[in-house]
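Reader: I have a chain open here and would like to go through it with you. Can we start with the overall layout and then move to the side chains?
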Amino acid sequence: MVPPADEHAVSFLGFAGQYQKAANLVCDSDKTLGVPIYFMYAHAIELALKAYLRAANVPIVADKKRKHHKITELFKECQRLGLKDDVTDMGNVVALLDGANEEQGLRYFRTKGAAYPDLSWTRDAVERLLQAIEPAVKRKGDVDGIVPGRAVKADFIFGKPQPKD
């Protein structure tokens with residue numbers, strides 16, 4: 001059996017940007033959808049941190065050590081590898097979202113309460129994190145000859161079957 005391969009850092013960062021954009025759009029249209037918005041921001045953070053790790057040639061899936069959603073652990077590992085937290089609020093946002101996601105609390109209802117960072121604070125922190133990670137991912141992509149946006153797979157979307165007349 002062939003061991004699982006890790007995706008390139010560019011792929012992780014691309015998905016992080018999509019989750020960030022989706023969170024921004026929902027936030028702009030209806031702030032009462034707080035938990036789904038926080039989930040999307042937390043997932044954007046997770047994917048961005050994994051992009052940074054992949055840019056440093058650290059495996060995510062292949063050795064399964066980082067195949068999890070614990071963004072505080074990922075953030076600390078990225079810091080050890082050189083990710084700067086010039087604005088200390090990123091670590092605070094990560095810790096708060098990680099705590100809110102305990103027992104997958106951003107995905108499923110639970111009766112235990114949680115503490116969340118303010119949405120605008122979260123949005124700004126995620127924006128700065130992606131900006132901080134982008135140069136490392138771009139360098140790695142340049143070295144590896146990866147072009148963001150170049151098709152590397154095909155996804156298919158099927159429409160609902162229509163009855164025959």
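Author: Let me begin with one residue. Arginine 123 has a relative accessibility of 25%, so it counts as partly exposed. Bear in mind that this is a predicted model.

Reader: What does arginine 123 pair with?

Author: Its side chain meets that of aspartate 28 in a salt bridge, 2.6 Å from N to O. Aspartate 28 belongs to helix H1 (residues 9-29) and arginine 123 to helix H5 (residues 119-144), so the pair ties together parts that lie 95 residues apart in sequence.

Reader: And aspartate 28, buried or exposed?

Author: Exposed, because its relative accessibility is 51% and the cut-off for exposed is over 50%.

Reader: How many salt bridges in the structure?

Author: Six. Among them is one between glutamate 46 and lysine 50, with the closest N and O atoms 2.8 Å apart. Another joins aspartate 142 and lysine 138, at 3.1 Å between the closest N and O atoms.

Reader: Where do glutamate 46 and lysine 50 sit?

Author: Both are in helix H2, four residues apart, which is about one turn of the helix.

Reader: What about aspartate 142 and lysine 138?

Author: Helix H5 holds both, with a spacing of four residues, about one turn. Each of aspartate 142 and lysine 138 is exposed.

Reader: Back to H2. How many of its residues are buried?

Author: 19 of 22, so H2 is mostly covered.

Reader: What length should H2 span?

Author: H2 covers residues 34-55, and at 1.5 Å a residue its 22 residues should span 32 Å. The C-alpha atoms at its ends are 31 Å apart, which agrees.

Reader: What follows H2?

Author: Asparagine 57 follows H2, and its phi is positive, near 65°.

Reader: Fine. Now the fold as a whole: how many helices and strands?

Author: Five helices and zero strands. The order from the N terminus is α-α-α-α-α. The C-alpha atoms fill a box of roughly 50 × 50 × 35 Å along the principal axes.

Reader: What share of the chain is buried?

Author: Of the 165 residues, 38% are buried. The accessible surface comes to about 10600 Å², with 57% of it belonging to carbon and sulfur atoms.

Reader: And the contacts, what share join residues at least 24 apart?

Author: 68%, counting contacts between residues at least 6 apart in sequence.

Reader: Last one: how far apart are the mean positions of the positive and negative charges?

Author: 5 Å, for 24 positive and 22 negative charges.

How values were computed
Residues numbered from 1 in each chain as written. Predicted model: local features only at pLDDT ≥ 70, side-chain atom pairs only at ≥ 80, totals over all residues. Heavy atoms only, no water. Helix = DSSP H or I, 4+ residues; strand = E, 2+ residues; numbered from the N terminus. Buried < 20%, exposed > 50% of the residue type's maximum accessible area, 1.4 Å probe, protein only. Contact = heavy atoms within 4.5 Å. Areas by Shrake-Rupley, 256 points an atom, 1.4 Å probe, with all protein chains shown as cover. Lys, Arg positive; Asp, Glu negative; His and termini not counted. Charge placed at Lys NZ, Arg CZ, Asp CG, Glu CD. Expected span 1.5 Å × (residues − 1). Salt bridge = Lys/Arg side-chain N within 4 Å of Asp/Glu carboxyl O.
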